[in-house]
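Please look at the sequence and the coordinates together. The text below goes through them part by part.

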Amino acid sequence: MPANNERATPLTAYRGMLLHFLSDPGEGDNPHAAQFFEDGVLVVEDGRVKSIGAAASVLAGLADTARVIDCAGRLILPGFVDTHVHYPQTDMIASYGNQLLDWLERYTYPAEAAFVDVGHARDVAEFFLDELLRNGTTTAMVFATVHAASVDAFFRSAAARNLRMIAGKVLMDRNCPEHLRDTPEQGYRESSLLIEKWLKQGRLGYAITPRFAVTSSDAQLTLAGQLAREHPEAHIQSHMAEIRAELTRVRELFPASRDYVEIFERFGLMRERAVYAHCIYLSAEERARMARHDAAAAVCPTSNLFLGSGLFEFEAARRAGMRVGIGTDVGAGTSFNMLRTLSEAYKVAEMTGHPLSPWRAFYLATLGGARALGLDQRIGNFEPGKEADFVVLRLDSTPLLARRMLTCVTPAEKLFALMILGDDRAVAATYVMGAAAYRASGEKG
């Protein structure tokens, strides 16, 4: 149930199993990349991390006035970071259909057309954010629709919850239904006003949001690039190289560009804090160029499998030095839950011949996602001074998971079982800036 962001007490300690990451564990699971405490304590003061460590040492130094919350048998992690998701597609999740381009026409565009109604946008935003928190996600990069009011509705709901969220108005001026098109000038004007209104308001960030190259003309991408130059602190989000048919269409529309990445390079949209969903069909050279720009890929395994799009090559991206995060990509994505999404990511990696370890999987869902979004100075781990967004996970949330845990010996075994067998029932509580934003029924805090 929503906890309405209860006020954080001045000094609170959470005792339980703790895990956070200091760097990317890589393919070899670098033991220095993570800090794991079987019996640890996270100390939070005024909404920020004060300290973390083994329970015996941390508790000995705590003032008698500190409140200690017992999370025994629970795993405390930094809040999950969802690097790609569509809030307007909440009501169309699990829609039977064909591959991407047909699916957009059949389901996505009709669903997004409804967001001309401000009341509808507000209702969906409220449900969407509650669902994120119920699944332990505290930060997300979010697509709205072409309607400026859809962005306003989302940001108002996010601000009321004190969430660190990024969102933006979709830019589309061709190859989409007429009633969902803007013009390059309208998109620029409305985006400018939204940036002025919402960027850096509380914990909010704005993303310049061309849907993908197919639905934006050269003129629109030129003005999107102008927005990026005028607002270097803003994010950029789009889709890229999701299916092979998309690549064919892009070559037809942008014959002067040698590849997909060059399209966004030409218009000044390939840089740090630029996040591109999917990135399945990229060449080694394109991956290397993305890495040089510090741009990121949002990997969306459940939607890629659901639509039959393809398999992201985790190891190729790692070798290229690309920033990578995990996206649920609702509504083509089939779950808001990061554990379910990591489970599918593991299977995708297996199918490409390079297993995804539980250490790297949980890194990608936390600090890796924060780095992809350029927010790792604020969120993503439990370094002192970071914003205290975190999730408490049950390791016995189902009879099967509880039984499997009895035979798990190492932390890696426990993490792997959790990511394969866990789901929304594993989320005991979600905290935002040290305040409970969600608690499962029966959980105390």
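Predicted model: local features only at pLDDT ≥ 70, side-chain atom pairs only at ≥ 80, totals over all residues.

Residues are numbered from 1 along each chain as its sequence is written, and side-chain values use heavy atoms, with hydrogens and water left out.

In soluble globular proteins, nonpolar side chains tend to be buried together. A nonpolar core is here a set of buried Ala, Val, Leu, Ile, Met, Phe, Trp, Tyr and Cys residues joined through side-chain atoms within 4.5 Å. Buried means under 20% relative accessible area, exposed over 50%, and partly exposed in between (1.4 Å probe, protein chains only). The largest nonpolar core has 122 residues, and Y87 and M240 have the most contacts inside it. Helix α3, residues 118-134, gives the most to this core, namely seven residues. Helices (H or I, at least four residues) and strands (E, at least two) are DSSP runs, numbered from the N terminus. Apart from neighbours within four places in sequence, Y87 is in contact (heavy atoms within 4.5 Å) with residues including F115, A121, V124, F128, V142 and F154. A second, separate core has 17 residues, among them C71, I76, A429 and Y431.

Leaving aside neighbours within four places in sequence, the contacts of V392 include C71, I76, A429 and Y431. V392 and C71 are 321 residues apart along the chain, yet their C-alpha atoms are separated by 7.7 Å.

Rings of Phe, Tyr and Trp (its six-membered ring) pair if their centres lie within 6.5 Å; planes under 30 degrees apart count as stacked, over 60 as edge-to-face and the rest as tilted. The whole structure holds 19 aromatic pairs. In one of them, Y14 and Y431 have ring centres 5.1 Å apart and planes at 65°, so the pair is edge-to-face. Y14 lies in strand β1 (residues 11-21) and Y431 in strand β15 (residues 427-432), so the pair ties together parts that are 417 residues apart in sequence. Y14 is buried at 2% relative accessible area, and Y431 is buried at 4%. The rings of F155 and W198 have centres 5.3 Å apart and planes at 40°, so this pair is tilted. It links helix α4 (residues 148-160), where F155 lies, with helix α5 (residues 184-198), which holds W198; the two residues are 43 residues apart. Both F155 and W198 are buried. They belong to one aromatic cluster that also contains Y87, F115, F128, F154, Y206 and F336.

Helix α7, residues 244-253, has buried residues E246, L247, V250 and L253. These cover an arc of only 130° around the axis, which puts them on the same side of α7; the arc is that of the directions from the helix axis to the C-beta atoms. The face turned away from the buried side carries the exposed residues R244, R251 and E252. The cover over the buried residues of α7 includes α2 (100-113), β10 (235-240) and α8 (260-266).

Grid points are joined across faces, edges and corners, and a volume is the space filled by probe spheres set on the points. There are three cavities of 30 Å³ or more. The largest cavity has a volume of about 120 Å³. It is lined by 13 residues, of which H86, L100, L104, H239 and E242 are the closest to its centre. Helix α2 gives the most to this lining, with three residues. The largest pocket holds about 290 Å³. Of its 16 lining residues, R164, E233, H235, L375 and R378 lie nearest its centre. Strand β9 gives the most to the pocket lining, with three residues.

T215 is found in the loop between β9 and α6 (218-230). T215 counts as buried at 1% relative accessibility, and its contacts beyond four places in sequence include Y109, L171, D173 and Q220.

How values were computed
1 Å grid on protein atoms, 1.4 Å probe; cavity = no way out; pocket = protein on both sides within 12 Å on 5 of 7 lines; lining within 4 Å.
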